[in-house]
Amino acid sequence: MSPNPLTSGFDYGNICSMKKQRYRGEILEFVKAYKVEHDYSPSYREIAKAMGIKESGVHRHLHILESEGLITITPGKARSIRVLDHKP
């Protein structure tokens with residue numbers, strides 16, 4: 001019998017965090033693939049449509065990716081997402 005998540009100290013916050021982290025990885029991969037195919041970055045709307053989330057969610061995830069040093073975004077410039085190369 002599996003433990004009851006309500007009484008076993010099950011960490012729902014950790015699961016939510018893991019899902020969000022996976023989402024950011026998927027967004028990053030989408031941006032990379034889109035840029036290879038089109039030679040420019042996707043719009044927030046295109047990312048939202050591809051990921052099935054709202055544009056506000058895209059903005060939040062991209063802001064986190066930028067704060068983690070994985071991308072840069074030029075403020076006020078459309079389609080300016082740049083994925084940073086982190087090769088050793």
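Which residues in α2 meet which residues in α3? The tour below leads to that contact, in a model that is predicted.

**The whole chain.** Begin with all 88 residues displayed, of which 24% count as buried. The chain holds three helices and two strands, and the elements follow the order α-α-α-β-β from the N terminus on. Among contacts between residues at least 6 apart in sequence, 42% join residues at least 24 apart.

**Helix α3.** Next, select residues 55-67, the 13 residues of α3. From its first C-alpha to its last, this helix reaches 18 Å, close to the 18 Å expected at 1.5 Å a residue. Show the side chains of Val58, His61, Leu62 and Leu65, which, together with Gly57, are the buried residues of α3. Turn the view to look down the helix axis: the buried residues fall within an arc of 130°, so they line one face of α3. On the face turned away from that buried side, select the exposed residues Arg60, His63 and Ser67. Then move to Gly69, which follows α3 and has a positive phi, near 80°.

**The contact with α2.** To answer the opening question, select Tyr44, Arg45, Ile47 and Ala48 in α2, which meet Glu55, Val58, His59 and Leu62 in α3. Sorted by class, this contact has five nonpolar, one polar and two charged residues. Two of its members, Val58 and Leu62, also belong to the buried residues of α3.

Methods:
Residues numbered from 1 in each chain as written. Predicted model: local features only at pLDDT ≥ 70, side-chain atom pairs only at ≥ 80, totals over all residues. Heavy atoms only, no water. Helix = DSSP H or I, 4+ residues; strand = E, 2+ residues; numbered from the N terminus. Expected span 1.5 Å × (residues − 1). Buried < 20%, exposed > 50% of the residue type's maximum accessible area, 1.4 Å probe, protein only. Arc of directions from axis to C-beta. Contact = heavy atoms within 4.5 Å. Nonpolar A, V, L, I, M, F, W, Y, C, P; charged D, E, K, R; others polar.
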